[in-house]
Amino acid sequence: MSVIIVTGRGGAGKTTTTANLSVYFAQKEYRTLAIDGDLFLPNLGFHFALENVNYTVHSLLKNPEVDPEWAIYKHEKTGVNVMPGSTKLQDVIGISPKRLRDIVEQMRYKFPVVFVDSPTGIPFDTLPTFEVADYQIIVVEVERSPIYSFETMVENEINKLKAIGEEYGLKIGVVLNKVRESEDVIDHIIDEITENVGLPVVGVIPFDEYVPESINVGIPVLAYKPRSDAAIAFYEAGEILEEWIFRKIKKI
């Protein structure tokens, strides 16, 4: 079962969401793989302290002879299997993004749960990956979308990303991230998404200073500070996803 995490703009917390939802399922004893599919601006490795490794997803894209297992690293603190990307410019030049689809498809047969951290915006370079995905999570940062302009943001971001998921027959959900607004405003936003857009909101993650701190130490906040506000919210989102999306997957 594979899930693509997307967002309409940078800084919304797409990679943080990918990392922490991966931690949730790993903690629940699912064999979980997180793949950095943001090929030109990869950041997933930083969340798991995997900045300097010998093999990455870019190694596989450049050389089909490289065994994918060489580019998978099990994070000791969380149990998440991670396929990081390379931040080196020479590794990005000349890659074939279309091969990512084949990698994801191959990994689906080895890991019951696969998360793919997708590029920001419309992921033209990695659209073939959507062909082998099952679910799409759209991450939305509410703070930069005040309530009076939220409908415009929905039109410009959520509906476009939703259209891509629908084109490929994916089941789609939304995570609201970095929330600081009052409860009544958030309720209005959730109503807007569920009633007018027709998508379930599977998580509401509050802004939490422990999140950037956790990134700095390379341990996602769900494992780094499990009692923090963001960690609790990610855990609850994971529970919803496990029931909504993964209830048919058997733990191994």
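Q: Which residue forms a salt bridge with Arg101?
A: Glu131 does, and the closest N and O atoms of Arg101 and Glu131 are 2.7 Å apart. A salt bridge here is a side-chain nitrogen of Lys or Arg within 4 Å of a carboxyl oxygen of Asp or Glu.

Q: Where do Arg101 and Glu131 lie in the chain?
A: Arg101 is in helix H5, whereas Glu131 is in the loop between strand S5 (113-117) and strand S6 (135-141). The pair links distant parts of the chain, 30 residues apart. Helices (H or I, at least four residues) and strands (E, at least two) are DSSP runs, numbered from the N terminus.

Q: What kind of model is this, and how are residues numbered?
A: This is a predicted model, in which local features need pLDDT of at least 70, side-chain atom pairs count only at pLDDT 80 or more, and totals for chains, interfaces and linings use all residues. Residues are numbered from 1 along each chain as its sequence is written, and side-chain values use heavy atoms, with hydrogens and water left out.

Q: Back to Arg101: which residue of helix H5 lies four residues from Arg101?
A: That residue is Glu105; both lie in helix H5 (residues 99-108), and their spacing is about one turn of the helix. Glu105 and Arg101 also form a salt bridge, with 3.1 Å between the closest N and O atoms.

Q: Why does Arg101 count as partly exposed?
A: Arg101 counts as partly exposed because its relative accessible area is 21%. Buried means under 20% relative accessible area, exposed over 50%, and partly exposed in between (1.4 Å probe, protein chains only). Glu105, at 25%, is partly exposed, and Glu131, at 47%, is partly exposed as well.

Q: How many salt bridges does a search of the whole structure find?
A: The search finds nine salt bridges. One of them joins the side chains of Lys14 and Asp38, at 3.6 Å from N to O. Lys14 belongs to helix H1 (residues 14-27), and Asp38 to the loop between strand S2 (32-36) and helix H2 (44-47), so the reader can find the two 24 residues apart.

Q: Lys14 and Asp38: buried or exposed?
A: Lys14 and Asp38 are both buried.

Q: New topic: how much space lies in the largest pocket?
A: The largest pocket holds about 400 Å³. On a 1 Å grid over the protein atoms alone, a pocket is an open set of points where a 1.4 Å probe fits, with protein on both sides within 12 Å along at least five of seven lines; lining residues have an atom within 4 Å of a point. Grid points are joined across faces, edges and corners, and a volume is the space filled by probe spheres set on the points.

Q: Which residues are closest to the centre of the largest pocket?
A: Of its 26 lining residues, Gly11, Gly13, Lys14, Thr16 and Lys178 are the closest to the centre. By class, the lining has eleven nonpolar, ten polar and five charged residues. Ala, Val, Leu, Ile, Met, Phe, Trp, Tyr, Cys and Pro count as nonpolar, Asp, Glu, Lys and Arg as charged, and the others, Gly among them, as polar.

Q: What volume does the second largest pocket have?
A: Its volume is about 230 Å³. Among the 19 residues that line it, Glu51, Val53, Thr56, Ser86 and Thr87 are the closest to the centre.

Q: And how many aromatic pairs are there?
A: A search of the whole structure finds seven. The rings of Phe25 and Tyr30 are edge-to-face, because their planes stand at 75°, with the centres 5.5 Å apart. Rings of Phe, Tyr and Trp (its six-membered ring) pair if their centres lie within 6.5 Å; planes under 30 degrees apart count as stacked, over 60 as edge-to-face and the rest as tilted. Both Phe25 and Tyr30 are buried.

Q: Which aromatic cluster includes Phe25 and Tyr30?
A: Tyr24, Phe25, Tyr30, Phe115 and Tyr235 form that cluster.
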